[in-house]
Amino acid sequence: MDTINLIEKLEQTHILEKEEYSYLITSCKKEETEILFQKARDMQKKYYKNEVYSRGLIEFTDYCKNNCFYCGIRSGNTKAERYRLSCEEILSCAEEGYRLGFRTFVLQGGEDSFYSTEDIGSLVSEIKKRYPDCAVTLSVGEQEREVYEYWYGCGADRYLLRHETATKEHYEKLHPPALSFEHRIQCLYWLKEIGYQVGAGFMVGSPYQTAECLADDLLFLKKLMPHMVGIGPFIAQKDSPFASFPNGTLEETLLMLALVRLTLPHVLLPATTALGTIHPDGRELGILAGANVVMPNLSPAEVRKKYQLYDNKICTGEESAQCLDSLSKRVSSIGYQLVSKRGDCAGF
Ligand code: 5AD
């Protein structure tokens, strides 16, 4: 197989065979990835010009009933410092965010039954009532279909639920038996059927992941057709069962971003906090590999450090919503423009 031919085929047809994807993932050389990134940038520009969208991320609880082996806020981590924001605190984060220019708010948290379905629903409707020009995204894990429907009825526009891995055997190595691969995938299809703009995604370099797993992730995404795909490197968390596994790399994460951009040309693709954590210019490099979204933190400064999904998460200022100016300068320095828009998906 010839790498450049495969990159051109992907650019034109937006799909490859599984073997072709895994060949690209394992065999792409430095000069070839530069060509791939260029094509990914061209594709992004075709639909989104040089615009980069921002999302105000409100991490409102780090309590979680699940015990995912990779995650720092898993229920079994007795060292995690747990916190919850009140509804008033969440609303004041949104107020601050609106003032700063955010037009999308992402309410993200662990699966925490402290907040009832109605609590979350009223938060969504209150934010939509106060800021009708904004989109509200929920990211609170696996739920019953009726719960997703209820929140959609309250005005939620989008939902983020990373599939984590499209390979069942791999999923079972990352999660305890209480979590089911089939249920997670089912949730994503429900969310799409209900009408949400849906975000799926996965970690790069997670323990036991192979190139075939990553190829399956791309094929799964092609089938699901999500509006967003969140991709970041796996970063070991010191108190987790995966503490001694190596982190995912910058290079492999950038490669996967570019492959997703060419596979799903219109997709919204964040340059994630995890990417910014493993490299000081990670998010800019992500944009240069086809990403077009950034998600600065709007949570109150005191709790930001506690929401530690992985070690050394950047949370000292640069990544925060209050430093939007410096983020905006960084984005401009690579030829893009951070815009104050809802930033809906260009293809649907
Ligand atoms: N490294 C990188 N990403 C992680 N996540 C959870 N734990 C880690 C980790 N150790 C990601 C998961 C989850 C999202 C909220 O954060 O993919 O879906």
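Predicted model: local features only at pLDDT ≥ 70, side-chain atom pairs only at ≥ 80, totals over all residues.

Reader: What is the order of the strands in the open sheet?
Author: The six strands are arranged as β2-β3-β4-β5-β6-β7, and their pairing is parallel.

Reader: And which are the edge strands?
Author: They are β2, residues 56–61, and β7, residues 228–233, each of which pairs on one side only. From one strand to the next, the twist averages 20 degrees.

Reader: How many bridges join β4 to β5?
Author: Two bridges link β4, residues 135–139, with β5, residues 158–160, and these strands run parallel. Within this region, Leu138 has Tyr159 in β5 as its bridge partner.

Reader: Turning to helices, which strands does α8 lie across?
Author: Helix α8, residues 181–194, lies across β5 and β6, and runs at about 155 degrees to β6, which spans 197–204.

Reader: And α10, where does that lie?
Author: Helix α10, residues 250–263, is placed across β6 and β7, at about 165 degrees to β7.

Reader: Now the arginine. Where is Arg74 found?
Author: Arg74 sits in the loop between β2 and α4, the latter covering 87–100.

Reader: Is Arg74 buried or exposed?
Author: Arg74 is buried, yet has no salt bridge.

Reader: What does Arg74 touch, not counting residues up to four places away in sequence?
Author: On that basis, Arg74 touches Asn66, Asn67, Cys68, Phe69, Arg82, Asp239, Ser240 and Pro241.

How values were computed: Residues numbered from 1 in each chain as written. Heavy atoms only, no water. Pairing = 2+ DSSP bridges. Helix = DSSP H or I, 4+ residues; strand = E, 2+ residues; numbered from the N terminus. Axes fitted to C-alpha atoms, helices over the stretch in contact; angles between N-to-C directions. Contact = heavy atoms within 4.5 Å. Buried < 20%, exposed > 50% of the residue type's maximum accessible area, 1.4 Å probe, protein only. Lys, Arg positive; Asp, Glu negative; His and termini not counted. Salt bridge = Lys/Arg side-chain N within 4 Å of Asp/Glu carboxyl O.
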